[in-house]
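Here is a friendly tour of one protein chain, written for someone who likes to know the cut-offs behind each term. Have the viewer ready and follow along.

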Amino acid sequence: MPAQSSYDYAVIRVVPRVERQEFVNAGVIVWCREHDVLEARIALDEARLQALDPGIDLDAVRRHLQSIEVVCRGGAAAGQLGGLSKRERFDWLVAPRSTMIQMSAVHSGRGSDMGAILEHLLQKMVR
C-alpha cells in the first residue's frame, strides 16, 4: 500500500446573494505537497443555484468557477497568480472573501491517491 500523505482541502461555494448567506456547494479544491497536487473539481447543480436566486447570471458563475481551475493549473493562463507556488495559489484561492464565490474553512486529511480523494470529496460534499 502506498504511503499516506497529508492534504488540505476546501469546498467551493456559490453564494448568489451574500447578504442572505445561502450557498450551494459547487466543487472542491485539494492541495498536497508530497504529491505536488493542486487541483479543483467543479460539479455545479445549476437548478439548485437558481432555486436560491432565479435571476443569477449562470454564465458569470461558470466563468468564475472555471477561473479556479485555471489558477490551480498555474502558468501564463493564470496571469500573475500562475507564477506563484502551488501552496501560495492554494492560500490565495481559499482566503476569506465576501463575494459570490467563496471557500469553506480549510480541512485536512490523509491519503495516497489524490485523484480518488478529489472524487470522494466531490461526491460527499457536492453531489
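Asp36 lies in the loop between β2 and β3, where strands (E, at least two residues) and helices (H or I, at least four residues) are DSSP runs numbered from the N terminus. This is a predicted model, in which local features need pLDDT of at least 70 and side-chain atom pairs count only at pLDDT 80 or more, while totals for chains, interfaces and linings use all residues. Residues are numbered from 1 along each chain as its sequence is written, and side-chain values use heavy atoms, with hydrogens and water left out.

**Loops and backbone angles**

- Asp36 has a positive phi of about 55° although it is not a glycine.
- Most residues other than glycine have a negative phi.
- Asp36 counts as exposed because its relative accessibility is 52%; the classes are buried under 20% relative accessible area, exposed over 50% and partly exposed in between, using a 1.4 Å probe and protein chains only.
- Gln21 also has a positive phi, of about 60°, and is not a glycine.
- Gln21 sits in the loop between β1 and β2, and its relative accessible area of 65% makes this residue exposed.
- Glu22 is found in the loop between β1 and β2 as well, but counts as partly exposed at 27% relative accessibility.
- Leaving aside neighbours within four places in sequence, Glu22 is in contact (heavy atoms within 4.5 Å) with Val14, Val15, Pro16 and Leu52.
- The C-alpha atoms of Glu22 and Gly82 are separated by 31 Å, and the two residues are 60 apart along the chain.

**Strand pairing**

- Two strands pair if DSSP finds at least two bridges between them.
- β1 (residues 5-14) and β2 run antiparallel and are joined by seven bridges; within this pairing, Ile12 has Gly27 of β2 as its bridge partner.
- β2 and β3 (residues 37-42) also run antiparallel, with six bridges between them, and Val28 has Arg41 of β3 as its bridge partner.
- The hairpin of β2 and β3 has four residues between the strands.
- Strand β2 (residues 24-32) is mostly covered, with nine of its nine residues buried.

**Nonpolar cores**

- A nonpolar core is a set of buried Ala, Val, Leu, Ile, Met, Phe, Trp, Tyr and Cys residues joined through side-chain atoms within 4.5 Å.
- The largest one has 24 residues, and those with the most contacts inside it are Ile12, Val14, Ile29, Leu49, Leu65, Ile68 and Met103.
- At least two residues of this core come from each of β1, β2, β3, α2 (58-73), α3 (86-94) and β4 (101-103).
- Helix α2 gives the most to this core, with six residues.
- Apart from this core lies another, of 13 residues, among them Tyr9, Val11, Met114 and Ile117.
- Not counting residues up to four places away in sequence, Val14 touches a list of residues including Phe23, Leu44, Leu49, Val61, Leu65 and Ile101.

**Charged residues and salt bridges**

- The whole structure holds 11 salt bridges, each being a side-chain nitrogen of Lys or Arg within 4 Å of a carboxyl oxygen of Asp or Glu.
- Asp8 and Arg87 meet in one of them, at 3.0 Å from N to O; this pair links strand β1 to helix α3, 79 residues apart.
- Asp8 counts as buried at 14% relative accessibility, whereas Arg87 is partly exposed at 31%.
- Arg41 and Glu119 form another, at 2.7 Å from N to O.
- Because Arg41 lies in strand β3 and Glu119 in helix α4 (residues 114-125), the pair ties together parts that are 78 residues apart in sequence.
- Salt bridges that share partners join Glu39, Arg41, Glu119 and Arg127 into one network.
- Glu19 and Arg17 meet in a salt bridge at 3.4 Å from N to O; Glu19 is exposed at 58% relative accessibility, and Arg17 is partly exposed at 33%.

**A buried arginine**

- Which residue in helix α3 is worth a look? Arg89 lies in that helix.
- Arg89 is buried yet has no salt bridge, and the nearest side chain of opposite charge, Glu88, is 7.3 Å away; Lys and Arg count as positive and Asp and Glu as negative, with His and the chain ends not counted.
- The side chain of Arg89 reaches the backbone oxygen of Val71 at 2.7 Å.
- Beyond neighbours within four places in sequence, the contacts of Arg89 include Leu38, Cys72, Leu81 and Leu84.

Key
A polar contact is a pair of N or O atoms within 3.5 Å; within protein, one must be able to donate a hydrogen and the other to accept it, and residues adjacent in sequence count only if both atoms are side-chain atoms.
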